[in-house]
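My entries follow in the order I made them.

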Amino acid sequence: MERQQENAVRIAEWLRNHEKVRKVFYVGLPDHPGYEVNRKQSRGFGRMISFQTDIEETARRILERVRLVSYAESLGGVESLITYPMLQTHGDVPAGDAVLLQQPVYYPFSEMIIDNHRTLINSPLIQVNGHYEIDFQDFEKKVAENQVKLLLLCSPHNPVGRVWKDWELRKIGEICRRYDVLVVSDEIHSDFTYEGYEHHVFANLDPEFAERTVTCTAPSKTFNLAGLQISNIFISNPVLRRKFKKAVDAAGYSQVNVIGLKACQAAYEEGEPWLTQLKAYLARNLQFVREYLQQNLPEIKLTEPEGTYLIWLDFRALHLTEKQLEDLIVNRARLWLDSGAMFGADGEGFERINIACPRVVLQQALMQLKEAVQGCCREENRDEKSTSLSDIGI
């Protein structure tokens, strides 16, 4: 184990200095964002390295010429392995095919589409009195005009917190059936809905919807098990299921984390009392944020969530550029939030906050935000006063 980690460090350093390597992802390198945390908490930096090359052809030549490691067939093997995810996971999907998103939406969706040379089509959600809705006219137009092959549906929606109603999902399903669009329904936040709202499993609404749907869930959000790399994929259509399994096997993920399996089983069989308490705590945290903003930061508007433990805050009334907003959050408030711009251009001027934390942490964060916003406003008032005085020659 120690020798393997030593080798990994040497290889990572060699790759970092190579002219044809664009970027190296290895937690054992000092410039990796997780280096200090890993150094303090772990006995080593592990043995898995990822890196980006300058062009695709370079990656292909590496695969052809590599001799010391094996091309991956199973991440459960003990041999040294190498993978090239783009070739393995998307090899059977024609480049350029259109995939539809509803931004602002979970940012890895768009990154995955672009990195795999597919065409990203956005049918943005629209705000009506601070409430996000689907523009179905635009949705169908984008599907038809771009010959969309796949919809990535986020339900409940991250980051805007919508829990889609039965009729909304049915309307999406009818459009996808009409234009023969496959649906990947990300329902990872389905356990988190607030009082008065009900999550509807998209594939359960109509047998024909189920035939064209891949439903994705996981215990990772609900029970904080993301580090164990375990999820649930439901595919009713046997033909689609075989295609999916073939793609997964080709990517080298033929065996899942056994510890993750046991943790998933334990969570689902015995975790309900804990989850019930968690949801009650989240509801109180949400109420705390709602009242704090109304009383102390009325310029910042809460987009009322119907589900998830993520809240979507509207900072646009402050009239800041994206750079100024980042400075306000990071440097003045000393907070690390998720910039709305990460979720697409439709998210500019917003910030996403995770409220699944102790109340004292949430309170401290909001106090720091309040001080930063008030300081920003004081500076703006001084600048306006200075300009006014100069205009009259004082």
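**Charge pairs**

I started with R162 and E168, which form a salt bridge with the closest N and O atoms 2.7 Å apart. For a salt bridge I required a side-chain nitrogen of Lys or Arg within 4 Å of a carboxyl oxygen of Asp or Glu. R162 and E168 are both buried. Buried means under 20% relative accessible area, exposed over 50%, and partly exposed in between, with a 1.4 Å probe and protein chains only.

A note on the source: this is a predicted model, where local features need pLDDT of at least 70 and side-chain atom pairs count only at pLDDT 80 or more, while totals for chains, interfaces and linings use all residues. Residues are numbered from 1 along each chain as its sequence is written, and side-chain values use heavy atoms, with hydrogens and water left out.

How many salt bridges does the structure hold? I found 14. In one of them, the side chains of R16 and D31 meet at 3.8 Å, N to O. R16 lies in helix α1 (residues 2–16) and D31 in the loop between β1 (21–25) and α2 (35–41), so this pair ties together parts that are 15 residues apart in sequence. I took helices (H or I, at least four residues) and strands (E, at least two) as DSSP runs, numbered from the N terminus. R16 has 37% relative accessibility and counts as partly exposed. D31 has 56% and counts as exposed.

Next I checked R290 and E304. Their salt bridge has its closest N and O atoms 2.8 Å apart. R290 is in helix α12 (residues 272–296), and E304 is in the loop between β13 (301–303) and β14, so the pair ties together parts 14 residues apart in sequence. E304 is partly exposed, with a relative accessible area of 39%. I also noted a network: salt bridges that share partners join E174, R177, D206 and E208.

Side chains of opposite charge can pair when their charged atoms come close. D97 sits in the loop between α4 (85–90) and β5 (98–101). Not counting residues up to four places away in sequence, D97 touches R118, T119 and K149. Contact here means heavy atoms within 4.5 Å.

**Rings**

I searched the whole structure for aromatic pairs and got 12. Rings of Phe, Tyr and Trp (its six-membered ring) pair if their centres lie within 6.5 Å; planes under 30 degrees apart count as stacked, over 60 as edge-to-face and the rest as tilted. F202 and F209 are stacked, at 5.2 Å centre to centre and 5° between the planes. Both F202 and F209 are buried.

Why is the pair of W312 and F343 edge-to-face? The ring centres are 5.5 Å apart and the planes stand at 90°, so W312 and F343 take that label. W312 lies in strand β14 (residues 310–314) and F343 in the loop between β15 (338–339) and β16 (350–354), so the pair ties together parts 31 residues apart in sequence. W312 is buried at 0% relative accessibility. F343 is buried at 1%. Ring pairs link W312 and F343 with Y106, Y107, F109 and F350 into a cluster.

I also looked for a charge over a ring, with NZ of Lys or CZ of Arg within 6 Å of the ring centre and within 35 degrees of the ring normal. The charged end of R359 sits over the ring of Y281, 5.2 Å from its centre.

**Two alanines**

A218 is in the loop between β11 (213–217) and α9 (220–223). A218 is buried, with a relative accessible area of 5%. Leaving aside neighbours within four places in sequence, A218 is in contact with I188, I230, S231, N232 and Y268.

A59 is in helix α3 (residues 56–65). A59 is buried too, with a relative accessible area of 10%. Its C-alpha atom is separated by 9.8 Å from that of V21, 38 residues apart along the chain.

**Whole chain**

I closed with the totals. The chain has 14 helices and 16 strands. Of its 394 residues, 41% count as buried.
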